[in-house]
Amino acid sequence: MLEILRRIVQEVNGARSLDAALSIIVRRIRKAMQTDVCSVYLRDDERDCFILMDTIGLNASAIGQVTLKPGEGLVGLVGQREEPLNIEEAPSHSHFRYFAETGEERYSSFLGVPIIHQRRVLGVLVVQQREKRQFGEGEEAFLITMAAQLAGVLVHALSTGALARLSDTGTQALLNGIAAAPGMAIGEAFVVVPSANLEAVPERVPDDIEAEVLRLREAIDCVRHDIRQAAERLASRISAQEQALFDVYQQMLGDAALGNEVEKRIREGQWAPYALSRVVQRHVNYLERVDDNYLRERAADIRDLGRRVLAHLQKDSNARKPVYPERTILVGDEISAAQLGEIPREKLAGLVALRGSSTSHVAILARAMGIPAVMGMNDLPISRLAGTPMIVDGYRGRLILRPQPDLLVRYESMIEEEKALTSMLESEQSLPSETSDGFRIRLMINTGLAVEMSGSPAARIDGVGLYRTEVPFMMHQRFPSEKEQTRIYREQLQGFAPLPVVMRTLDIGGDKSLPYFPIEEDNPFLGWRGIRVTLDHPEVLMVQLRAMLRAAEGLDNLRILLPMITSVEEVDTVSRLLDRAIQEMRDDGVQIERPLLGVMLEVPAVIYQLEALASRVDFFSVGSNDLIQYLLAVDRNNARVSALYDALQPAVLRALDHIARESRRLNVSASVCGELAGDPIGALLLMGMGYRVLSMNAPNLSRVRAAIRRVSMEGAQGLVSDVLALHSLTETRELVYQRMKEWELAHLLPPRD
Ligand code: PEP
Ligand code: MG
């Protein structure tokens, strides 16, 4: 069964269109389950109904004609209840609805299961049989498994707009991912393609068909040449049988095989890379399905050859300068900082990535540059998106493909309103961040990139609350040397002097890895992260500490912060290393005082060790991003569960309140440098709890300052005591938003539904 399931899903995955996918689904399932009928109904949100999309067994003329509202008929009932329905005699069921065009009356037994993706019913899968019988437990389980697996594939196909022909209202598709950088943008997709990835080639129409054919032939010739050379190089070291494989490769590349087929597609209007990828995919799909090990292995050969030809084609096409749309939305599997840098800033409107998270390097960069970004769009068929109009909503983590006029107008006006608000708030940037009853909150910024320094306007800030040193490390091809680090840190310290700069020691691991120091783990967030890595590599840590100390000479504004601290031993060890580094510096003649040392509070274990930590360090900095994810056991970068990640969860608020109280009692300064500090609601709650230092991304400063200036400390404290009395997220949210409205601050909040 497992093998059948795997094969069907694989085949559906490789289908060229939604129609082809549905046709495979109904045929294969009917065959596997040996039933008389298999049908698939898909939900059309616009019309709020389920439509018969394909069937094998019912009359084909019923396709596209039979529609059922949720709760209507057996199919509608399955869709509404979101659970399987297994009945022996369907026509006598109270919900049975007869459609003459289906010829359904012949079938007695009925088994329907919902197709659900991320809690949303996409459709219903049905099998029927003439004979009056209850489908067995095993059959039901098979169909449920099938539907669960197909959901991911179908959501793919649906997002391409294939369902559009069912409704005359258009082809808009709405997809949810991870909100990685705030803001909204309307633009056109520019797909960045990882080199030689057959699955990610965008569809395009060639300008000149003959030139395209020529390009293909040249690429194939190059690969033939490479293979001949490889065969010659290996001639003395491989067997005759293995040599023969090279001949097979040459044959596969021959005109009569791959070459011809690809050429034909080019002449039909596809550009060479896409035509090649489709032909290779088709052969691979076919070979992978055959019950013959030898042939199945040939699938890998074809794929390999395809990649080689593609690499040559891309070399060529890379040589041509890409033309970026006026408002480019960069779309890619995984976008690198380098790709981001290639686009002229004035043309870059937004960013969409299949992988990546809110903490990935490119997300940090996007936030610093003020570019809205959505990531974790796992199910997005990027290869077909080039040139597609779209809206990126970086507040809600949403992407809208081919938006319809009414939505477009709505977003245009939201973007305008936001612009107006930003320029209005800009004027307050030089005013103190003081509550209406005179309490001053120190606002600091999070940095790591040169752009932040050049980009931070005349805003009044109190220094850098978090300098993420891993960012300059990511920019290098190897660990930066002590000298290089000293130069980078000096620039940062000098740029903000005399204001304090809190430099965090290297925080890699989790989802932040260095290209030259990859960390592969099953559970990276519970693994080798932050201080755990640098304590295991004291040579890296010592170089970094020495570079920081040397960079601070004569400036005296350096503070050092340790990430991912779990135990006091870790602090003691770093503290000893720091003393040693200071001594070494002094021996070198560098005049340096011991900088203030702090720990990040991001592992829940430290909440219960505040007293012991307080006796060892000078300050605490709450890393709310990690603290929340560890408290709630929610990977904030996993799109499936990221909706559960919420700072307003009562447990999170209690933990933050406890830290604030304890720090006060222990007389240790506590600041917050996670994203929560840069959110107006978060900032007011933190301020009410007693935090007096908040560090955030520079673009958030204006809203947070505006919120602080419009509320009294008494009001914020009142809000905190009110929310702490609540037990659920829903109640908390309601109360908080209500209070924001009363304080006339709703306009400062990110838009929500
Ligand atoms: C945090 O965890 O809140 C934090 C600021 O660190 P990072 O986001 O870099 O993990
Ligand atoms: Mg962290």
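Predicted model: local features only at pLDDT ≥ 70, side-chain atom pairs only at ≥ 80, totals over all residues.
## Helices H24 and H25

In H24, the residues Gly718, Leu719, Asp722 and Val723 meet Thr732, Leu735, Val736, Arg739 and Met740 of H25. Sorted by class, the residues of this contact between H24 and H25 comprise 5 nonpolar, 2 polar and 2 charged.

Helix H24 covers residues 713–724 and helix H25 residues 729–742, and the two pack at an angle of about 160° with their axes 10 Å apart. Because angles over 145 degrees count as roughly antiparallel, H24 is described as roughly antiparallel to H25. The crossing in which H24 passes H25 is right-handed.

## Helices H20 and H21

Two packed helices are described by the angle between their axes and by the distance between those axes. For helix H20 (residues 624–632) and helix H21 (residues 650–666), the angle is about 125° and the axes lie 10 Å apart, which means that H20 is oblique to H21. The crossing of this pair, H20 and H21, is right-handed.

On the H20 side the contact consists of Leu627, Ile628, Leu631 and Leu632, and these residues meet Ala651, Val652, Ala655, Leu656 and Ile659 of H21. By class, the contact of H20 with H21 has 9 nonpolar residues, with no polar and no charged residues.

## Helices H21 and H22

H21 also packs with helix H22 (residues 680–689), here at an angle of about 40° and with the axes 9 Å apart. This angle makes H21 oblique to H22, and the crossing of H21 and H22 is right-handed.

From H21, the residues Leu653, Leu656, Asp657, Ala660 and Arg664 take part in the contact, while H22 contributes Leu685, Leu686 and Met689. The contact of H21 with H22 has 6 nonpolar and 2 charged residues, and no polar ones. Leu656 of H21 is listed in the contact with H22, and Leu656 is also listed in the contact of H21 with H20.

Which residues come nearest to ligand 1? There are 15 residues around the ligand, and of these Arg468, Arg504, Lys512, Gly623 and Asn625 come nearest.

Three of these side chains can be described at the level of atom pairs. A polar side-chain atom of Arg468 lies 2.9 Å from an oxygen atom of ligand 1, and for Arg504 a polar side-chain atom lies 2.8 Å from an oxygen atom of the ligand. In the side chain of Lys512, an N or O atom is 2.8 Å from an oxygen atom of ligand 1.

## Backbone features in two loops

Where in the chain does Pro498 have its place? Pro498 is in the loop between helix H15 (482–496) and strand S17 (501–504), and the peptide bond that joins Ala497 and Pro498 is cis, with an omega of about 5°. Arg504, which has a polar side-chain atom 2.8 Å from an oxygen atom of ligand 1, falls within the residue range of strand S17 (501–504).

The place of Arg402 is in the loop between strand S14 (398–401) and helix H12 (405–426).

Key. Residues numbered from 1 in each chain as written. Chains lettered and ligands numbered in written order. Heavy atoms only, no water. Axes fitted to C-alpha atoms, helices over the stretch in contact; angles between N-to-C directions. Helix = DSSP H or I, 4+ residues; strand = E, 2+ residues; numbered from the N terminus. Parallel < 35°, antiparallel > 145°, perpendicular 65-115°, else oblique. Left-handed = near helix turned anticlockwise from the far one by under 90°. Contact = heavy atoms within 4.5 Å. Nonpolar A, V, L, I, M, F, W, Y, C, P; charged D, E, K, R; others polar. Near = heavy atom within 4 Å. Polar contact = N/O pair within 3.5 Å; in protein donor to acceptor, adjacent residues only side chain to side chain.
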